[in-house]
Amino acid sequence: MTDEELMSSAIRSAYSGDPSPNPKVGCVIVKDGRIVGGAHHHVAGEKHAEILALEQAAGDAEGATVYVTLEPCNHHGKTPPCVDALLKAKVARVVIACRDPNPHVEGGGAERLRAAGVDVALGVCGKAAQELIEPWAKFITEGTSFVALKLALSLDGRISSRTGKSKWITGAESRAFSHALRARHDAVMVGINTVLADDPRLTVRAVAGRNPIRVIVDSKLRTPNSSRLVQSARNAPTCIITTAAGTVPAALALAEQGVSLIHVPATAEGRCDMRVALRELAKREVVSVLCEGGAELAGTLLASQQVDRLHGFVAPILLGPRGRPGAVDWAGPESPDDAPRLAEPHWELHGNDAYVTGRVLYPEGV
């Protein structure tokens, strides 16, 4: 197998882990043409992928080649440095997909391996590895949460019928995938209008996976105590991002139900300052947020260029011009040249629905 094939295997393995707020990492060890160890980082605080793979390889690690998706750590954290373990195992070669972007550590894992006589190759499948750690890289370098925006639309760009009904625009396959997206993020976020209109649960149900933290953006604390989110707050972590416009009695009533409150400044329009909100979430080790609407919140995030990745579902139905308009409420660009767009969009079918995802690129100076 080639270096690219073996590194691709390590990257696929890394996606199986859930180590937030640490990065996803995968590792494969090969000796004499056969895989003798392979693992990924499962949970924060537990053994790293390299250590688990070395334990599998045991004596076969000496003289072997190690494929790891992220530069091995060279510092003491909750676990000892992986570079120490690699040197102790006497591996001959280490292939690294991408450098560690963490500005808070000494780094130098690749240099230390080289200084000890280990053959080091950098950048194999680097683009795929960067995408693997995309949320964590933003979190660790900018101190703010990574934002993925999910949109579900009819073919003519509507999110409900003329009577306001929206269940269901997309098919069962798309809805199951949306639940899988929830499980892959630390938090799922909606605006107060979505809470009032849909009374959602925002839990993971159609697939296996953990429930994310549920975040409501509610500048005036209008979230009803009777809502399903509040009533289940002691079973699934729930927080509300709000401003000084929320009343003290409302705040106390929500806190008594187990809801956490995060106060942020208000914008000139009286909305929550989402730049501050995302930094506050990052302080609470929320690496990634999946925003599921509504239109006002989605528009605020796009207008302030806070959306990093988009997940769009387009159903092959037509809801007509009197249906509720699109999933994004904002002024929008003056011309298509000024519009945010997806970099290298990836398209696929989920049942009868078209699904597209990609990083969001914003034009300079807009």
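Predicted model: local features only at pLDDT ≥ 70, side-chain atom pairs only at ≥ 80, totals over all residues.
Pro21 sits in the loop that joins helix 1 (3-14) to strand 1 (26-31).

Gly294 is placed in the loop between strand 11 (288-291) and helix 12 (295-303). As background for reading these bonds, most peptide bonds are trans, and most residues other than glycine have a negative phi.

Lys90 is not a glycine, yet its phi is positive, near 60 degrees. You can find Lys90 in the loop between helix 3 (82-89) and strand 4 (93-98). Leu221 also has a positive phi in a residue other than glycine, with a value near 55 degrees. Its setting is the loop from strand 8 (213-217) to helix 9 (228-231).

| Residue | Phi |
|---|---|
| Lys90 | near 60 degrees |
| Leu221 | near 55 degrees |

Is Lys90 buried or exposed? Its relative accessible area is 54%, and the cut-off for exposed is over 50%, so Lys90 counts as exposed. What about Leu221, buried or exposed? Leu221 has a relative accessible area of 7%. Buried means under 20%, so Leu221 is buried.

Conventions. Residues numbered from 1 in each chain as written. Heavy atoms only, no water. Helix = DSSP H or I, 4+ residues; strand = E, 2+ residues; numbered from the N terminus. Buried < 20%, exposed > 50% of the residue type's maximum accessible area, 1.4 Å probe, protein only.
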